[in-house]
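Please consider the structure shown below.

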Amino acid sequence: MNTELAVAPLGATYTPRLICTTGDRLIHPADGRNDLARIVVRWARAWVPETWPARQYFAALGIGDDENPCYRDEDVIGWHLLQPRPDSLAWRVRSGEIDVTTALTAEAEAWPE
């Protein structure tokens with residue numbers, strides 16, 4: 001049995017089975033790749049809006065809290081994976097600096113359930 005964890009390539013469509021780590025970013029599939037697009041970023045075990053259009057989008061759907069907006073995996077199914085920001089945990093995984101198991105262990109220690 002293969003126990004190695006792998007990450008999906010950039011541009012992959014998000015499903016709850018895709019392994020994401022803190023710093024991974026998703027863009028709404030209908031948007032262009034720019035800062036005005038609806039983009040969310042992985043933080044702990046949730047997704048948070050990286051752009052104002054993303055926050056407005058979820059507010060219009062009645063999803064999330066106005067003071068502390070965060071979204072579930074189910075809320076972003078079908079969105080596409082973007083390049084993470086440099087020096088984020090996700091960037092370190094995708095650049096090969098650390099493996100995904102190490103990243104998930106760091107997340108579990110930082111944000112225990």
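This is a predicted model: local features need pLDDT of at least 70, side-chain atom pairs count only at pLDDT 80 or more; totals for chains, interfaces and linings use all residues.

Residues are numbered from 1 along each chain as its sequence is written, and side-chain values use heavy atoms, with hydrogens and water left out.

Reader: In what order do the four strands of the open sheet lie?

Author: Strands are DSSP runs of E with at least two residues, helices runs of H or I with at least four, both numbered from the N terminus. Two strands pair if DSSP finds at least two bridges between them. The pairing in this open sheet is antiparallel, and the order is E3-E2-E1-E4.

Reader: Which strands have one side left without a neighbour in the sheet?

Author: A strand at an edge has a single partner strand, so one of its sides is left without a neighbour. The strands placed in this way are E3 (46-49) and E4 (80-82).

Reader: How many residues apart in sequence are the parts that Arg42 and Asp73 tie together?

Author: Arg42 and Asp73 form a salt bridge (a side-chain nitrogen of Lys or Arg within 4 Å of a carboxyl oxygen of Asp or Glu), with the closest N and O atoms 2.6 Å apart. Both residues are buried, that is, under 20% relative accessible area with a 1.4 Å probe and protein chains only, where exposed is over 50% and partly exposed in between. Because Arg42 lies in strand E2 and Asp73 in the loop between helix H1 (52-61) and E4, the pair ties together parts that are 31 residues apart.
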